[in-house]
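Here is a short report for a reader who is new to this structure. It goes from the whole chain to its parts, and then to single residues.

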Amino acid sequence: MISADDFIFPAHERGYDFYTGVPCSFLTPFINRTISSDKTDYVGAASEGEAVAIAAGAWLAGRKTVVMCQNSGLGNCVNPITSLNFPFRIPTFLISTWRGQPGSPDEPQHELMGQITQSLMELMQLRCMIFPSRAEDISGALDDAEKAIEETSLPFGFIMEKGSVDPEELDQAPIEAKPRGNYEDFRTGSIEANRYQTLEKVVETVSDRTAIIATTGKCGRELFTIADRPQQIYQVGSMGGASGMGLGVALNTDKPVIVLDGDGAALMKMGALATIGAYAPRNLTHVILDNGVHDSTGGQATVSPHVDFSQIALAAGYRAAATTDGLASFGEALTAAAENDGPTLIHAKINTGSIDNLGRPTIKPEDVARRFQKFVTIS
Ligand SMILES: Cc1ncc(C[n+]2csc(CCOP(=O)(O)OP(=O)(O)O)c2C)c(N)n1
């Protein structure tokens with residue numbers, strides 16, 4: 001058995017100090033210490049996939065990161081690991097517990113995942129090892145993990161067995177409920193623009209200091225077509241992960257950050273709104289481009305006509321929200337968001353459709369990520 005600090009200190013010396021994840025009873029002592037230690041920043045995520053996206057955002061803002069999860073939550077990480085970390089070559093230390101480890105009696109829901117935890121990591125082309133449970137092994141394990149990351153730029157997995165870490169008390173300040181933020185309803189009753197025209201407005205309105213994260217599908221493709229710039233990242237996969245990534249970036253930079261989300265994508269990871277509301281970075285504007293459909297995949301309806309994203313955001317702790325259906329008012333809402341403390345949500349009602357012969361980013365995701373990281377980290 002080790003103490004949590006036996007790992008946290010040498011990891012900190014190597015620059016790993018941004019932790020995010022979802023608890024597991026095997027992780028309790030370790031996660032409790034990452035919450036209380038002054039060597040670590042901890043963000044509690046609503047889901048493990050969201051934690052992977054938050055960590056990716058923190059990495060894009062220059063941090064070295066650790067994601068912690070139960071192995072059942074490894075299932076929730078598969079999409080972002082395979083379609084975000086892999087194409088963008090974004091590393092992290094991924095500490096997954098090993099509930100259901102063969103030979104160690106556990107509950108039925110852990111049996112199968114316990115059998116496949118290591119092979120699932122390997123299937124995702126992640127190198128991994130058993131989390132060190134002897135203090136003398138930690139430095140070597142961290143060196144090996146770092147070396148693997150240098151070679152692959154991919155997440156490195158640590159599989160934590162039961163009882164690896166000494167008990168630690170939980171010492172966590174409660175997250176306080178926030179006063180309800182301001183709401184502005186700019187709607188006229190008639191939707192004026194589609195996603196392309198709205199993105200043109202974004203490009204024309206926001207400052208050159210602003211980092212922009214575009215969601216999966218045609219949003220990123222259109223933004224790339226309008227203007228490809230280092231301040232932009234096109235999240236080609238990991239649908240729903242743009243908001244978590246935006247949170248990870250915004251918590252680690254003074255620059256303004258804008259997330260351009262879709263209604264389908266926002267619905268897929270709605271827990272992220274609660275995390276954003278709780279951690280509340282002032283520099284984050286979250287735009288939901290709501291055309292009421294999965295436009296990028298053929299226009300199948302989402303349930304967004306029944307969803308008031310602005311009120312959900314305010315109820316989750318965002319400082320401000322606005323609903324728009326016109327281009328001028330959307331521009332006004334964007335400018336107001338830049339001038340006031342966020343997080344701000346702009347629910348932009350838009351028309352369906354795109355331009356003919358829409359292209360795709362020709363720059364490789366891993367180059368986009370490094371160009372974006374340079375933009376965010378250099379003042
Ligand atoms: C996890 C996952 N599920 C499904 C897809 C396929 N997919 C790509 S874009 C998209 C639609 C996104 O809809 P929305 O967020 O509303 O944006 P819009 O296309 O309308 O701009 C879907 C379903 C995916 N890339 N990833």
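The chain averages a pLDDT of 97, and 100% of the residues score at least 70. pLDDT is the predictor's confidence in each residue, from 0 to 100. This is a predicted model: local features need pLDDT of at least 70, side-chain atom pairs count only at pLDDT 80 or more, and totals for chains, interfaces and linings use all residues. Residues are numbered from 1 along each chain as its sequence is written. Among the elements, helix α2 (residues 28-36) has the lowest mean pLDDT, 97. Strand β11 (residues 284-290) has the highest, 99.

## The whole chain

The chain has 14 helices and 15 strands. Helices (H or I, at least four residues) and strands (E, at least two) are DSSP runs, numbered from the N terminus. The C-alpha trace spans about 65 × 45 × 45 Å along its principal axes. Why does the radius of gyration agree with a compact globule? With 379 residues, such a globule would have a radius near 21 Å, and the chain has 21 Å. The radius is taken over C-alpha atoms, and the globule rule is 2.2 Å times the number of residues to the power 0.38.

Of the 379 residues, 52% count as buried. A residue is buried if 20 or more other C-beta atoms lie within 10 Å of its own, exposed if 12 or fewer, and partly exposed in between; C-beta atoms are placed from the backbone. Among contacts with a separation of 6 or more, 80% come from residues 24 or more positions apart. Two residues are in contact if their C-beta atoms, placed from the backbone, lie within 7 Å.

## Two domains

The domain assignment gives domain 1 (4-160) and domain 2 (182-377). Such bounds come from an automatic or database domain assignment. The domain centres, taken over C-alpha atoms, are separated by 28 Å. In the contact between them, 24 residues of domain 1 meet 27 residues of domain 2. On the domain 1 side, α3 (48-60) and α4 (71-88) each supply at least two residues. The largest share, nine residues, comes from α3. By class, this side has 15 nonpolar, six polar and three charged residues. Ala, Val, Leu, Ile, Met, Phe, Trp, Tyr, Cys and Pro count as nonpolar, Asp, Glu, Lys and Arg as charged, and the others, Gly among them, as polar.

## Around the ligand

Which residues come nearest to the ligand? Of the 20 around it, they are G217, G262, G264, D295 and S296. A residue is near a molecule if its C-beta atom, placed from the backbone, lies within 6 Å of it. The elements that give two or more residues to this shell are α8 (218-226), α10 (263-268) and β12 (293-294). α10 gives the most, three residues. The shell divides into four nonpolar, 12 polar and four charged residues.

## Inside domain 1

In α2, the buried residues are P29, F30, I31, N32, R33 and T34. Their cover includes α1 (4-13), β1 (16-21), β2 (41-44) and β3 (64-69).

T65 lies in strand β3. Is T65 buried or exposed? T65 is buried, because 28 other C-beta atoms lie within 10 Å. Leaving aside neighbours within four places in sequence, T65 is in contact with Y16, F18, A55, A58, W59 and T92. T65 and F93 are 28 residues apart in sequence, with their C-alpha atoms 6.4 Å apart in space.

## Loops and backbone

Most residues other than glycine have a negative phi, and most peptide bonds are trans.

| Residue | Phi | Loop between |
|---|---|---|
| N357 | about 55 degrees | β15 and α14 (365-377) |

S153 has 16 C-beta neighbours inside 10 Å, so S153 counts as partly exposed. N357 has 6, so N357 counts as exposed.

The peptide bond from G342 to P343 is cis, with omega near 5 degrees. P343 lies in the loop between α13 (327-339) and β15 (344-349).

G326 is found in the loop between β14 (320-324) and α13. G326 is partly exposed, because 18 other C-beta atoms lie within 10 Å. Not counting residues up to four places away in sequence, G326 touches F186, T188 and E192. G326 and N194 are 132 residues apart along the chain, and their C-alpha atoms are separated by 9.9 Å.
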